[in-house]
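Please look over the structure below before reading the questions.

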Amino acid sequence: MTLEDKINADIKSAMLAREKDKLEALRAIKSAVLLAKTEKLGAELSEDTELKLLQKLVKQRRESAEIYNAQNREDMANAELFQAGIIEQYL
């Protein structure tokens, strides 16, 4: 099962379970994968490319959380860290 197939299945289950925060993280992964595929003219992504893509998404979420913490926005920081945790599950 490819990463894209797994993400699509998890999106369906998150929608059925009404897990809004998890769904947001999964959709971000799907969006990044589709964007990377279109850059490569629809070619399938290698496992290494998918891994780098996921690592980049986690890094972005953690950096955003640090910025939110510096601005005393705990609610936003917690949301970013939650998404980073969801994305890390696919690494």
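This is a predicted model: local features need pLDDT of at least 70, side-chain atom pairs count only at pLDDT 80 or more; totals for chains, interfaces and linings use all residues.

Q: Is Met76 buried, partly exposed or exposed?
A: Met76 lies in helix α4, residues 74–88. Its relative accessible area is 33%. Buried means under 20% and exposed means over 50%. Because 33% falls between these cut-offs, Met76 is partly exposed.

Q: How many Å separate the C-alpha atoms of Met76 and Ala65?
A: Met76 and Ala65 are 11 residues apart along the chain. The separation of their C-alpha atoms is 7.1 Å.

Q: Which elements do the buried residues of α4 pack against?
A: The buried residues of α4 are Ala77, Glu80, Gln83, Ala84, Ile86 and Ile87. Their packing partners are α2 (20–39) and α3 (47–70).

Q: Where around α1 do its buried residues lie?
A: Leu3, Glu4, Ile7, Asp10, Ile11 and Ala14 are the buried residues of α1. They cover an arc of only 125° around the axis, so they lie on the same side of α1.

Q: Which residues are exposed on the other side of α1?
A: The buried residues of α1 are covered by elements including α2 and α3. On the other side of α1, the exposed residues are Lys12 and Leu16.

Q: Which residue just after α1 takes a positive phi?
A: Helix α1 covers residues 3–17. Just after α1, a positive phi of about 55° is found at Arg18.

Definitions and conventions
Residues are numbered from 1 along each chain as its sequence is written. Side-chain values use heavy atoms; hydrogens and water are left out. Helices (H or I, at least four residues) and strands (E, at least two) are DSSP runs, numbered from the N terminus. Buried means under 20% relative accessible area, exposed over 50%, partly exposed in between (1.4 Å probe, protein chains only). Contact means heavy atoms within 4.5 Å. The expected span of a helix is 1.5 Å times one less than its number of residues. The arc is that of the directions from the helix axis to the C-beta atoms.
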